[in-house]
Amino acid sequence: MSQSPDTPNLRFSAKAVAELESLKTHYPNLKACILPALWIAQREYGGHLPPEAIAEVAHRLKRSPAEVQGVATFYSMYNTGHKPGRHMIEVCTCLTCSVCGAWDVAAYLEQKLGIKMGETTPDGMFTLHGVECLNACDRAPLIQVGDEYHGPMDEQKIDALLERLRNEPESKVVALADALVQVHLKEEEREKARRAAEAVRN
Amino acid sequence: MGEYKLLLRHSHDPAYATLDGYQRLGGYEGLRKALSMDRQQVIDEVKTSGLRGRGGAGFPAWIKWNGLPKQKTKPHYLICNADEGEPGTFKDKQLMETCPFLVVEGMTIAAYATQADVGYIYIRGEFVDAARSMRRAIDEAYRAGLLGKNILGAGMDFELHIHTGAGSYECGEESALMSSLMGERGMPRLKFPHAPLPTISGLWDSPTLINNVETYACAPFILSNGGAWYASIGASTKNSRGTKIFSVSGHVRKPGNYEVEFGTPLMELLELAGGMKGGALKACVPGGSSVPILDAEACQKAIIGYEEMMEVGSMVGSGGCMFLNEHTDIVEFIWRTSMFYKDESCGKCTPCREGTRWMFLILDRIKAGQGRPEDLQLLEDVCRQIDGRSFCGLGDAAAWPVAGALKVFRHEFEHYVRHGRSLVARG
Ligand SMILES: Cc1cc2nc3c(=O)[nH]c(=O)nc-3n(C[C@H](O)[C@H](O)[C@H](O)COP(=O)(O)O)c2cc1C
Ligand code: SF4
Ligand code: FES
C-alpha cells in the first residue's frame, strides 16, 4: 500500500466508512463525530481502541490523534487500555446492588472464573469489571454483558449465563459497540451502510 | 392516594411503543393542538401547568422554554437529557423503553415552542434497550411525517438524532453533557452569571433547551389536556404540580417505577412497592444518591413535594428512592456512596477532586476499624469545604449524603470509631 507517511493504516470496512459519512450529517462539524466514530472504531478493531484505531479516527475526522486519545480516555466504555476478553462482565456494586447481594455475585464470579475484578481469564474469554450504578436497580444485583442486562442474579443464573457466553463466538464487547453505532443511524442510513458492505462483497 | 398513572398509564401495553398504538391511545393530540396555537401560547400552557424539571433540580420548565430568543438569528437546538446516571434511578430507562413516543412528541412540542431546528437525545451508552426503542420510534415518526420536513403539513421542520454517552456520570450535568455532545471530554463549563445561559448560548454557541426525559414526556399531556388541568394534580402541595415517577429499590418486595401525584406520603411508595423485605424500615434515600438520607421517623412524616421534602431534610431529586432495612450498615452504605462520587469526579476543580477522595479515604478507614475520634469532625469539615465551592453540582451532590448521614445516623459512625466495628449485626 502506498500511503503518505502521515496517513495511518486505515482499517475501517466499507460499511464503517458509509456509517461515518452519514454521521457527519448529524452535526455541524467533524469534531462532534468523535464519540460515535470511536464506537465504530471499537467495533472495527475487535472491541478495543489501540493507538492505530485512535489514529484512524483522528485521520478520518481531521483531528489530531492526541485530541482523540484525550477524549477517548475520559470515558470508561472506550477500551483504550488493555485489550479486554471476548466478553466483558460488568458487575454493578453500587448502592442498591451492594445492599442486595452484589458483593456475593462479585465473589462468586471471581471464584468461578479464577480471576479478580479488572482481570481477564488466561484464555481471553472473560474480563471482569466492577461498575457504578447501571440504573436498573429494580433488578439488583445486576450485571451487564455487552448489550445485555441481567438481573436479579444468583449463582444458578450466573452458571447458566457463563455457559451460554462460552458458546457465544461473537464478542459481546463488539456487539455493544455495534448496537450503539446502529442506534445513531436512521433507517435509510443503515440501509446505505448495508448496501456499501454488499458492494464490496460482490 | 395510591398510584396516579399519567405517563406510565400504558407502559405495560407493548402497542404503546408503536406509532399506531400510541395514536390510538391519544398520542400526538398534544402536538396537533400545539401546532394550532402560537408559540407563546404553548409556553404559557407550560407555565400554567407548573411543570418543573424532573432531572433533579426542579427548575420551572417554562422559564427555560421562554428563554430562547424569539427572533431567530442562529440555529436553535434541543437536548433531551437521557444520561440517567444518578444511582437508584431508572425511570427514564423505562419511559424510553415503553413510552418512546411520549419523549419524541414532547420534544417536538418543545421544538415548536422554541423554534428548534435540530434535537439530540443524549442516551447513556449502557442503555442499549432504551436507545433501540427510541430509534424505532424515531424511524416510525419520520416515516409518518411526524419528524423531518413540514411536520403534519404545518410547515414545521425538526430533525431528531440520537447520541450515546460512553460511561461517565458527570455527563448528566448539562454543561458537561454539551461538551460531550460536541466531541470533548465530559467537563462542565462556566455557568451563569459568569457565562450566558444555555438558552442563549449552548451547543455550538447557539440557543439550546435542555430538559430531562420525564420533563419532555409530560408535555403531550399538558398540551392535550391543558396546563390548568395538569396543575390541578398535586394541588395540595406548596409548589409541586403533576405527577412524579419514583424508582423504588432496595429492601422492598416489588421494586419498580411508581408514578404518584405530588402530595402523596412517602410511605405510600413503600406500600406500592410491596413493603419491606428482610426486616423493618430503617432508612430511606428518597431522591437518588445525592440527597440526604432519612431515618424511619422522618419517612413517616415525609410528603412528596419539592418544598415538602426539604422540610424533612431531604429532596425529591431525580426520584431514585431506596428503602433500607434494619440490617443495613449505614456507614458502609455511605462509604459506598462516597466511592461513587470519588470515582465519578471529573477532576476539574480542587474542592471536589480532593474532597471526594478524602471523604472516601476517611470513610474507608472508619469502615476498616481504623477510624480516629476526630474523623467525624474532619468529615464534616470536608463536606463544608466542598458544598457550594465546587465548579459544578457533582461536588455538592457528593457532600450532601455524607453530611446528612452524619447528622441522622451519627451514633452508627461513633460506634464504628469507638469499637472499630459496625453497630449492626449482619442479618
Ligand atoms: C453531576 C450531575 C449529574 C446529573 N445527571 C443528570 C442526569 O443523568 N439526567 C438528568 O436529566 N439530569 C441530570 N443532572 C441535571 C442536569 O444538569 C439538568 O439540570 C437537567 O438535565 C435539566 O433538565 P430538567 O430541567 O428537565 O430537569 C445532573 C446534574 C449534575 C450536577
Ligand atoms: S465539582 Fe467535581 S465533577 Fe464538577 S467540575 Fe469540579 S471536579 Fe468536576
Ligand atoms: S445500584 Fe446496581 S443498577 Fe443501580
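## Salt bridges and basis of the model

A salt bridge is taken here as a side-chain nitrogen of Lys or Arg within 4 Å of a carboxyl oxygen of Asp or Glu. By that rule six salt bridges cross the interface of chain A and chain B, including one between A:Lys31 and B:Glu184, in which the closest N and O atoms are 2.8 Å apart.

The model is predicted, with local features requiring pLDDT of at least 70 and side-chain atom pairs counted only at pLDDT 80 or more, while totals for chains, interfaces and linings use all residues. Residues are numbered from 1 along each chain as its sequence is written, chains are lettered from A and ligands numbered from 1 in the order in which they are written, and side-chain values use heavy atoms, leaving out hydrogens and water.

## Interface of chains A and B

Contact, meaning heavy atoms within 4.5 Å, involves 48 residues from chain A and 60 residues from chain B. The two chains bury about 4300 Å² between them, 57% of it on carbon and sulfur atoms, where buried area is the accessible area (1.4 Å probe) lost on being put together, summed over both parts. A:Phe74, A:Leu95 and A:Asn135 supply 17% of the area that chain A buries against chain B, more than any other three residues.

## Ligand 1

For ligand 1, polar contacts (pairs of N or O atoms within 3.5 Å) include an oxygen atom of the ligand 2.7 Å from a side-chain N or O atom of B:Asn212, and a nitrogen atom of the ligand 3.2 Å from a polar backbone atom of B:Gly172. Taken alone, ligand 1 exposes 610 Å², of which the protein buries 88%, with accessible areas from the Shrake-Rupley method.

Definitions and conventions: Polar contact = N/O pair within 3.5 Å; in protein donor to acceptor, adjacent residues only side chain to side chain. Areas by Shrake-Rupley, 256 points an atom, 1.4 Å probe, with all protein chains shown as cover.
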